[in-house]
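This briefing is intended to be read alongside the sequence and the coordinates.

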Amino acid sequence: MRKVFALIVSLALLLSISTIAFGDELKVGFIYVGPIGDHGWTYQHHQGLLAVEEEFGDRVETIYVENVAEGPDAERAITRLARQGAGLIFTTSFGFMDPTVKVAERFPDVKFEHATGYKRADNVSIYSARFYEGRYIIGQIAAQMSEAGVAGYIASFPIPEVVRGINAFLLGAQTINPDFKLKVIWVNTWFDPGKEADAAKVLIGQGADIITQHTDSTAPLQIAEEQGVVGFGQASDMHEFAPNAQLTAIIDEWAPYYVERTRAVLDGTWESTDTWDGIAPGMVRMSEYQNMPEEVAAMARETEAMIASGELHPFKGPIYNQDGEMVIGEGEMLDDGTLLGMNWYVQGVDDKLPE
Amino acid sequence: MTGLEAVLLTIITAATPLLLAAIGELVTERSGVLNLGVEGMMIIGAVSGFGAAYTFGSAAAGVAAAIVMGVGVALLFAYFTQTLITNQVATGLALTLFGLGLSGLIGENFTGLPLPDPAKLQRLHIPLLTDIPFIGPVVFGQDALVYASVAITVLVAWTLARTRVGLVIRATGGNHHSAHALGYRVIAVRYACIAFGGACAGLAGGYLSLVYTPQWIENMTAGRGWIALALVVFSTWAPRRVAVGAYLFGTVWIMGLYAQGAGIGIPPQLLSSLPYLATIAALVLISGNRLLTKKNTPACLGLPFVPDR
Amino acid sequence: MKLQFEQRPQPSRVMTVVSPLIAVLLMVIVGAILFAARGIDPWRGLYVYFIEPVASLWSIEELIVKATPLVLIGVGLAVCFRANVWNIGAEGQLTMGAIVGAAIPILAHQWQSPLVLPLMMLLGMAGGIAWASIPALLRNHFGVNEILTSLMLVYVAQLLLDWLVRGPWRDPEGYNFPESIDMTGWAQLPTLGYSRVHLGGAFAVLAVLVLFLFMARTLKGFEIEVSGAAPRASGFGGFSRPRTVWFCLALSGGLAGLAGISEIAGPVGQLQPVISPGYGFTAIIVAFLGRLHPIGVLFAGIVLAISYLGGEGAQISLGLSDKTAQVFQGTLLFFILASDTLTRYRIRVQRDAAGASEVAR
């Protein structure tokens, strides 16, 4: 009997040692919605993970789960990371919002960071990037580069994030050419190279000589390259796939944020925050401006600098909606609340927003 | 380039992989075997096609690898369903699952790489002919696989209808017991037809990773294998109608995009569901015509064959 | 030497039990080789994959949550496949069940009453039945192959859900993001303690027991069996094939619908563009792994859930990508199908074409 007891005690000890042995080391967990090889959204988040490893070396251990479906599996995957001893967990897709909040309730000592959502808690921060700032810049470039005055926009889903991007793009373009036209195709997917390629071909066939996308594959740019028009990269630098067609790319730069938040946990200064950063802190980065005349590149750089300094705001009035009603007057700016829930087009978009 | 020409070219690209995969599956089904693993064979073709083209810097190597690997996994299916006499529906699903996973493993090193120019499949260019406005680029300006897809379709139609080989295939699918009694080697015929289906599916996958969007991306077939399966039924197992169906499918899809680009507001979900609804509708319409279905339907489809000794 | 198969007059009893074990054993061996090839200690790999998921209370709970929809759908499909009715669109029926069942709490969210939950469950089943009736109707009246129609309807149902949560059923306070309001109060399935194990688990076990008795003891069960095994004999026996087709599709559709609404009222908690990681398709594997027997399906569901959880654990502990898990599942299914052959056929090893043969039982 005693032997058995001793055995149990030593086993229990063994188990507890194995969990506290690496007490100094912070485990940082990541939940990805796609494969890390998508060369887009998840790929960029994974670059953030690598940057955290690079920065802190032995002080952190990173773990991740890829291809986590948004649904009942998400809660389990997040719980698993927390149970494995992760002290900081990044959940990198909108669909992980409710599961993150639910798991956070059960693990009050673990810090959570949820991307692109809006539900916060004492141990849940939210973060997102103001990609629309980049879209404003590429809108200006598009209007300068286009001979036809028509751009084709391959859109994924009519959520505020995407609608905001379309509006910012057109507002940017209209500063150069007030009659600039925008054709939109909703492909109803984030990622289907074939579909995206088809949409690009159709848009070019309909007279667009600029292709831009809010989907994740490199296919539209490849089509642009093949058909001799130009376009913009999405999420990561896609220059290699379209050396003559990519004018610039809007890059999601999560690495600095991930490093900073990891440092905060290590230093014990982590607090629940709401971060929505743009070009200024470097969460949105423009890749090299290329395949365009120097004066266009100079203009783009200037706009970029003005946005960074806060001199220029893409959603500054006057802004009119599609019905011609003024949404916001001269000199005023749309507030973040309106931007976050945006579900209307600005004047000039040649499309009806799917309901 | 005129608008209509662009639309036609886009439809051809969209229809070609569907046609390739469907015509292969048609032959498999006409021999009495239902292979639901088209998606799996396609994705294996896509990854090996890209891998070979990238590694050897040659499009021909890519095409060859896509075919060989397509046949390879198809033979796996054949071994299970024909030699081990497993259930065809379940084996096909296993093949799809297996193919999607395996392609991901093989492709880990090829993700995010652009295909170098010599490894891309070039479009045909015949001086003068290709330069004819409109007809030129559509008829004389395609890549080799587009012509191959049409040639294979014609060849399959002719073989099935006019040759002894076709007769044997049809007999095998129609009534394997009588085919066996007549001295045909049912299992061997089915092995061959499954392999042919695999070659075509592999080629269809290769078309995606070499021509359609020249790169390797996980899950890049995105359900096209299932559509190919639907096309075979849609066609009531007639090669001619498979071609019509593939092009019709491509047209419906591209016109949906076209309408959107033209600013006609339709819920994209409705557009996306059109092809599926159209297939169901077509199935009903065609099935209503008993003559049409009776003629080509392989009566032994999906049934296992065990020779009486 | 040549292998030959000879159909057994009756499926071998011994093999029925032994062959799945052979398959799992082969799977373990292949797994060990795979791990070793990737430079992972095979014992550790196998432990993470197959033992860890059942080694703690938490993972057992999660195992039940994961197995619940698989068993619920799989057991319906098992009956369906026995009758040679090929419903491979359970994923769509699950989606329709979720949509129709969730209609009450979404459209009338002020209405709080103990009646809400039972009504949701009933409507969920009705949604699944209705969606499965379409292929049944087309099969019976037009002779259209149900494999294709049920599959096509999966995409239609998913697109309908997509449209609803992005449009009319969007949470008005959700910043236009694509999701419905949360299921709260009476619209939630009761759970076991603080775990995620919900009443759906009980539904699954109940469905297994009922269908087991149904197939073994009732005339209708016999009719289904005969209709699948010997369609012509069943015709002579006065059984109606169209009725069997409809019954089987409705049964499996209803259970898939119930699984769908249980997920919504349980672990998912709201309608989202994607509510199932392919449960309807995986359940087909479950049905076969369980050799189309209700009790077998129960165990098969658990085995498959283990492979999912193990695969997820392997990503974290072993750094294996989720593709490996997919290959694993595919291989497992191949082995199961192959070992299935042993129950139905004797293998004869023929030394030469005319010579004596040995029988391996």
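Not counting residues up to four places away in sequence, B:V168 touches B:Y184 and B:V189.

**B:V168 and its setting**

- B:V168 lies in helix α7 of chain B, which covers residues 164–174.
- Between B:V168 and B:V189 the C-alpha to C-alpha distance is 7.9 Å, although 21 residues separate them in sequence.
- Is B:V168 buried or exposed? B:V168 is buried, because 20 other C-beta atoms lie within 10 Å and 20 or more are required for that class.

**Chain B as a whole**

- Chain B contains 13 helices and zero strands.
- With a radius of gyration of 20 Å, close to the 19 Å that the globule rule gives for 309 residues, chain B is as compact as a globular protein of that length.
- The C-alpha trace of chain B spans about 65 × 45 × 40 Å along its principal axes.
- Of the 309 residues in chain B, 59% are buried.
- Among contacts in chain B with a separation of 6 or more, 78% join residues 24 or more positions apart.

**Chain A: confidence**

- The average pLDDT of chain A is 88, and 93% of the residues score at least 70.
- Over residues 4–22 of chain A, pLDDT stays under 50, and the model has one contact beyond four places in sequence for this stretch.
- Where pLDDT is low, the predicted coordinates should not be read in detail.

**Chain A: the six-stranded sheet**

- Six strands of chain A form an open sheet with parallel pairing, in the order β2-β1-β3-β4-β5-β11.
- β2 (60–65) and β11 (274–277) of chain A stand at the edges; each has a single partner strand, so one side of each is left without a neighbour in the sheet.
- On average, and with direction ignored, neighbouring strands of this sheet are turned by 20 degrees against each other.
- Within the sheet, strand β4 (residues 111–115) and strand β5 (residues 124–129) of chain A run parallel and are joined by four bridges.
- A:E113 has A:S125 in β5(A) as its bridge partner.
- Helix α4 (residues 97–106) of chain A packs on the sheet and touches β3 (86–91), β4 and β5 of chain A. The direction of α4 makes about 170 degrees with that of β4(A).

**Chain A: the seven-stranded sheet**

- A second open sheet of chain A has seven strands in the order β12-β10-β9-β8-β6-β7-β15, with mixed pairing.
- Its edges are β12 (284–286) and β15 (349–350) of chain A; each has a single partner strand, so one side of each lacks a neighbour in the sheet.
- Strand β10 (residues 246–252) of chain A is mostly covered, with seven of its seven residues buried.
- β10(A) pairs in the parallel sense with strand β9 (residues 230–235) of chain A over five bridges, where A:F232 is the bridge partner of A:T248.
- β10(A) also pairs with β12(A), in the antiparallel sense and over three bridges; here A:D252 stands opposite A:V284.

**Contacts of chain C**

- The contact between chains C and B takes 36 residues from chain C and 35 residues from chain B.
- Elements of chain C that each supply at least two residues to the side touching chain B include β1 (2–7), α5 (116–142) and α6 (146–166).
- α13(C) gives the most to that side, with 13 residues.
- The residues of chain C on the side that touches chain B comprise 21 nonpolar, eleven polar and four charged.
- Chain C also contacts chain A, with 23 residues of chain C meeting 27 residues of chain A.
- On the side of chain C that touches chain A, α3 (57–82), α10 (241–268) and α12 (294–317) of chain C each supply at least two residues.
- That side has eleven nonpolar, seven polar and five charged residues.

How values were computed: Residues numbered from 1 in each chain as written. Chains lettered and ligands numbered in written order. Predicted model: local features only at pLDDT ≥ 70, side-chain atom pairs only at ≥ 80, totals over all residues. Pairing = 2+ DSSP bridges. Axes fitted to C-alpha atoms, helices over the stretch in contact; angles between N-to-C directions. Contact = placed C-beta atoms within 7 Å. pLDDT = per-residue confidence, 0-100. Nonpolar A, V, L, I, M, F, W, Y, C, P; charged D, E, K, R; others polar. Rg over C-alpha atoms; globule rule 2.2 N^0.38 Å. Buried ≥ 20, exposed ≤ 12 C-beta atoms within 10 Å, placed from the backbone.
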